Amino acid sequence: MKRPFRAKSVADSLDRPIEGHLKQLLDKAKNLKSISSGIEQFLPEELQAHCKVAQINSDVLTLFADSAVWANRLRYLGPELLTQLRANGYPSLVSIDIKIRPNF
């Protein structure tokens, strides 16, 4: 008698060594989460809920805001935020790019 197919859970798959593209994606996600936590501490409390780190390249940080109002607040704080980030672990940042993405 043939045994029924049993799908593996994601947790089972992640317990094994991860290789290739999946490993790269997971590493990038962990790095982005770490960067997000670090950057949030430099944002005013009211902005933290309305802003997410989208990506960081070697010299450009991209932030998402959930509305134009919050994007403008971020743009206003941009130079100060850039100075703080450069002084606290991100010395190679040249600019901050702010985009609107509702419902992130």
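The following legends describe close-up views of a predicted model.

View 1. Three strands make up an open sheet of mixed pairing, arranged in the order β1-β2-β3. From one strand to the next, the twist averages 30°. In general, the strands of a sheet pair through backbone hydrogen bonds, in either a parallel or an antiparallel manner.

**View 2. The pairing of strands β2 and β3.** Strand β2 comprises residues 60-65 and runs parallel to β3, to which it is joined by 6 bridges. Within this pairing, Leu63 has Ile98 of β3 as its bridge partner.

**View 3. The helices that meet the sheet.** Helix α4 (residues 68-87) packs on the sheet and touches β1, β2 and β3. The direction of helix α4 makes about 165° with that of β3. Helix α2 (residues 20-40) lies across β1 and β2, and the angle at which helix α2 runs to β1 is about 130°.

View 4. Thr62 belongs to strand β2. The relative accessible area of Thr62 is 7%, and because the limit for a buried residue is under 20%, Thr62 counts as buried. When its neighbours within four places in sequence are left aside, Thr62 is in contact with Lys52, Val53, Ala54, Gln55, Asp97 and Lys99.

Technical notes:
Residues numbered from 1 in each chain as written. Predicted model: local features only at pLDDT ≥ 70, side-chain atom pairs only at ≥ 80, totals over all residues. Heavy atoms only, no water. Pairing = 2+ DSSP bridges. Helix = DSSP H or I, 4+ residues; strand = E, 2+ residues; numbered from the N terminus. Axes fitted to C-alpha atoms, helices over the stretch in contact; angles between N-to-C directions. Contact = heavy atoms within 4.5 Å. Buried < 20%, exposed > 50% of the residue type's maximum accessible area, 1.4 Å probe, protein only.
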